[in-house]
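Colleague: I would like to learn how to read a model like this one. Please take me through it feature by feature.

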Amino acid sequence: MFRVRVSKYPEQAEAALLAPGNAGLRRKMIRSALRSSKMLGVWSASGRQRGEVQPDSSMQWDRIEDEIHVWHAALDRDEKTIKQLEPALSLGEKARAARFHFANDRNRFIRARGLLRELLGKYLQQAPASLEFSYGKHGKPYLSGENLSSELHFNLSHSAGLAVYAIAKKRNLGIDVEHVRAEAAGEDIARRYFSAREVSDLRSLPPEARVEGFFHCWTRKEAFLKATGMGLQIALDSFAVSLLPETPAEFLSGVEPRWQLAAYHPAPGYVAALVYDGGPGSLKYFSADSQ
Ligand SMILES: CC(C)(COP(=O)(O)OP(=O)(O)OC[C@H]1O[C@@H](n2cnc3c(N)ncnc32)[C@H](O)[C@@H]1OP(=O)(O)O)[C@@H](O)C(=O)NCCC(=O)NCCS
């Protein structure tokens, strides 16, 4: 059974807060929400309160409407679970799984793809094995075949045994998760990948806040690359994102206003970011860990 974590943040308020140009209001609300511990994972804020967990019986899978659903799941599962998921994979996915050298990597791939198929199958009311994927010029997967017309979009990311998925209708989506680790967050890497503004913001942080700031920046930039589907064809210094703690996740420059950015903590030790277009939307966060 899926466990469903629903944001308690009122949808209208959330939409208003997400609207471009409301940065001042957002800052005020974030400070107030952090004080009262009512903030859920919508912002880069610490997500101290995780929201209500509900059984999936309350979920209307075929009625996603204008919402954006954000899932997370642990990838390390027992062999029995992996074996149950594997038959739903396509021949190409099975071949890809077989190319992994280490069993752990292979199992994580099977779990991530198998769960993607299970989730999309529930939204589309179809068997997971029947779903067809095609890939864009730079590798972005999308639903094809008879489900192309469903206009259901998705994107996924995985890091150190955790997967995140974004699912919505008629929106381009990009999601990125990273395990926060000091060894990957050096200033030389920041200078190579980040814009001048981002490097300067990172340097303004006290040393103990820099690793998390680095990954806020990385995931937000990566989520944008993934939302466009262009990957590294987009120059990384051509746009800037916020990264300072307790400030909203937002684009600072170089991005068309149609793109929205949100950030959250899917699990302790991880940061994640989501980019979507199509106007402000209501985000809901779910866990598939009991699946
Ligand atoms: C491939 C890329 C999309 C992301 O790679 P990544 O961060 O290693 O991997 P993630 O776990 O976040 O995402 C992988 C998933 O994204 C999806 N994906 C692949 N290509 C994609 C693309 N062009 N656009 C969007 N999604 C894509 C796939 O579903 C993939 O999952 P899979 O293993 O099931 O096939 C691409 O952006 C890339 O190569 N990035 C390099 C990293 C980098 O330099 N980032 C700079 C940030 S400052």
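Colleague: How many residues does helix H8 have, and how far does H8 reach from its first C-alpha to its last?

Modeller: Helices (H or I, at least four residues) and strands (E, at least two) are DSSP runs, numbered from the N terminus. The expected span of a helix is 1.5 Å times one less than its number of residues. H8 has 22 residues and spans 33 Å, close to the expected 32 Å. After H8 comes Gly-229, with a positive phi near 80°. This is a predicted model, in which local features need pLDDT of at least 70, side-chain atom pairs count only at pLDDT 80 or more, and totals for chains, interfaces and linings use all residues. Residues are numbered from 1 along each chain as its sequence is written.

Colleague: Which residues are closest to the ligand?

Modeller: A residue counts as near a molecule if its C-beta atom, placed from the backbone, lies within 6 Å of it. Here 22 residues surround the ligand, and the closest are His-138, Gly-139, Lys-140, Ser-157 and Lys-226. Two or more residues of this shell come from each of helix H5 (103-124), strand E6 (152-159), strand E8 (173-179) and helix H8 (207-228). H8 gives the most, with five residues.

Colleague: In which sense do E6 and strand E7 pair, and over how many bridges?

Modeller: Two strands pair if DSSP finds at least two bridges between them. E6 and E7 (residues 162-169) are antiparallel, with eight bridges. His-153, for example, has Ala-168 of E7 as its bridge partner. Strands E4 (residues 132-135) and E5 (residues 141-144) also run antiparallel, joined by four bridges. Glu-132 has Ser-144 of E5 as its bridge partner. In the E4 and E5 hairpin, five residues lie between the strands, and Gly-139 has a positive phi near 100°.

Colleague: How many residues of E6 are buried?

Modeller: A residue is buried if 20 or more other C-beta atoms, placed from the backbone, lie within 10 Å of its own, exposed if 12 or fewer, and partly exposed in between. Six of the eight residues of E6 are buried, so E6 is largely enclosed by the rest of the structure. Of the 291 residues of the protein, 41% count as buried.

Colleague: What is the phi of Ala-160, and where does Ala-160 lie?

Modeller: Most residues other than glycine have a negative phi. Ala-160 is not a glycine, yet its phi is positive, about 45°. Ala-160 lies in the loop between E6 and E7. It is partly exposed because 15 other C-beta atoms are within 10 Å. Glu-65 also has a positive phi, near 45°, and is found in the loop between strand E2 (52-55) and strand E3 (67-74). Glu-65 counts as exposed because it has 10 C-beta neighbours inside 10 Å.

Colleague: What is the mean pLDDT of the protein, and where does pLDDT stay under 50?

Modeller: pLDDT is the predictor's confidence in each residue, from 0 to 100. Where it is low, the predicted coordinates should not be read in detail. The mean here is 84, and 80% of the residues reach 70 or more. Over residues 1-55, pLDDT stays under 50.

Notes. Contact = placed C-beta atoms within 7 Å.
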